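Colleague: I am new to this structure and would like to go through it with you slowly, one topic at a time. Could you show it first?

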Amino acid sequence: MKLYDLLMIGQSKHWAHWLWRIPLLLLLALCVWLLIFRWVPVPTSAFMLRQDVVAVFSAETPFVRHDWVSLDQIPRHMQIAVIASEDQRFAEHWGIDMVATQAAIQAEMRGRGKGGGSTITQQLAKNLFLWEGRSYVRKGLEWGIASLMEVFWSKERILEVYLNTAQFSKADYGVGAASQNLLRKPVGKLGAADAALLAAVLPAPSKYSVVKPSGYVRARQSRIMRQMRSIGGAAYLQRLD
């Protein structure tokens, strides 16, 4: 065997020796990140970073507006509104709602799939680390990250970070920026109807408007307000302890 062939074999073994370590290192980095931001305010997310980069080169894309607000400053009805709208089993599951997931899979198999089944934890995992779109790879990563979040963070912390990173308009991320820029009031002054209105645009914040809500958004707002009462209102939050 020629010296060149021997060198190539040695080099391939060297790369193989390191390749299996890459996922392990990424997992370790993720665990360290989650441990650090268990207490520290999360400054940005993958979605926000991507939008700011695009905004540099496109005048049609606005720069992100984002203000961190601690959970104790966010009215309870705002917390309940997103739970009622997005994940009513939030207090019960461990990051993945198997009931909703199975229903979404069955709908997909019947050709009626419209997404759905994602918990608040899964949505947060996507917002912080992943990308938009539907694929098995992204969904698998989302499940794994969501499960780790439930290990490292409390339910209250997951809810706090979600409320500070969810997108409410083309530019506004988090209830702090959304309240100030869309409703023209500090987050502490949000009423129950305001909270339900903000939650109503979460499925498609680039399509639905808080400032000029359509009939569909108003209908969702009313439905969310009924759901907020049906899940027990502020008393629901006691189940997160």
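Colleague: How many of the residues of H8 are buried?

Modeller: H8 is mostly covered, where buried means under 20% relative accessible area, exposed over 50% and partly exposed in between, computed with a 1.4 Å probe on protein chains only. This is a predicted model, in which local features need pLDDT of at least 70 and side-chain atom pairs count only at pLDDT 80 or more, while totals for chains, interfaces and linings use all residues. Residues are numbered from 1 along each chain as its sequence is written, and side-chain values use heavy atoms, with hydrogens and water left out. Lys155, Ile158 and Glu160 are among the buried residues of H8, and the count of buried residues, out of 11, is 10.

Colleague: Which pattern does the protein chain follow along the sequence?

Modeller: Helices (H or I, at least four residues) and strands (E, at least two) are DSSP runs, numbered from the N terminus. On that basis the protein chain has 11 helices and 2 strands, and 44% of its 241 residues count as buried. Read along the sequence, the elements follow the pattern α-α-α-β-α-α-α-α-α-β-α-α-α.

Colleague: Why does Glu160 count as buried, and which residues does Glu160 touch?

Modeller: Glu160 belongs to helix H8, and it counts as buried because its relative accessibility is 12%. Contact means heavy atoms within 4.5 Å. Leaving aside residues up to four places away in sequence, the residues that Glu160 touches are Trp68, Val69, Ser70 and Leu71.

Colleague: Is Arg184 buried or exposed?

Modeller: Arg184 lies in the loop between H9 and H10, and its phi is near 60°, a positive value in a residue other than glycine. Most residues other than glycine have a negative phi. With a relative accessible area of 65%, Arg184 is exposed.

Colleague: At roughly what angle do the axes of H4 and H10 cross?

Modeller: Two packed helices are described by the angle between their axes and the distance between the axes. Here axes are lines fitted to C-alpha atoms, for helices over the stretch in contact, and angles run from 0 to 180 degrees between N-to-C directions. The axes of H4 and H10 come within 8 Å of each other, and they cross at roughly 40°.

Colleague: How many nonpolar, polar and charged residues does the contact of H4 with H10 have?

Modeller: His77, Met78, Ala81, Val82, Ser85 and Glu86 in H4 meet Ala192, Ala195, Ala196, Leu198 and Ala199 in H10. Ala, Val, Leu, Ile, Met, Phe, Trp, Tyr, Cys and Pro count as nonpolar, Asp, Glu, Lys and Arg as charged, and the others, Gly among them, as polar. By these classes, the contact of H4 with H10 has 8 nonpolar, 2 polar and 1 charged.

Colleague: Which residues does Ser169 touch?

Modeller: Ser169 sits in the loop between H8 and E2, and it is buried, with a relative accessible area of 12%. Ser169 and Val210 are 41 residues apart in sequence and 7.7 Å apart in space, C-alpha to C-alpha. Not counting residues up to four places away in sequence, Ser169 touches Leu182 and Pro205.

Colleague: Is Val99 buried or exposed?

Modeller: Val99 is found in helix H5, residues 98-109, and lies 10 residues from Arg89 in sequence and 9.6 Å from it in space, C-alpha to C-alpha. At a relative accessible area of 52%, Val99 is exposed.
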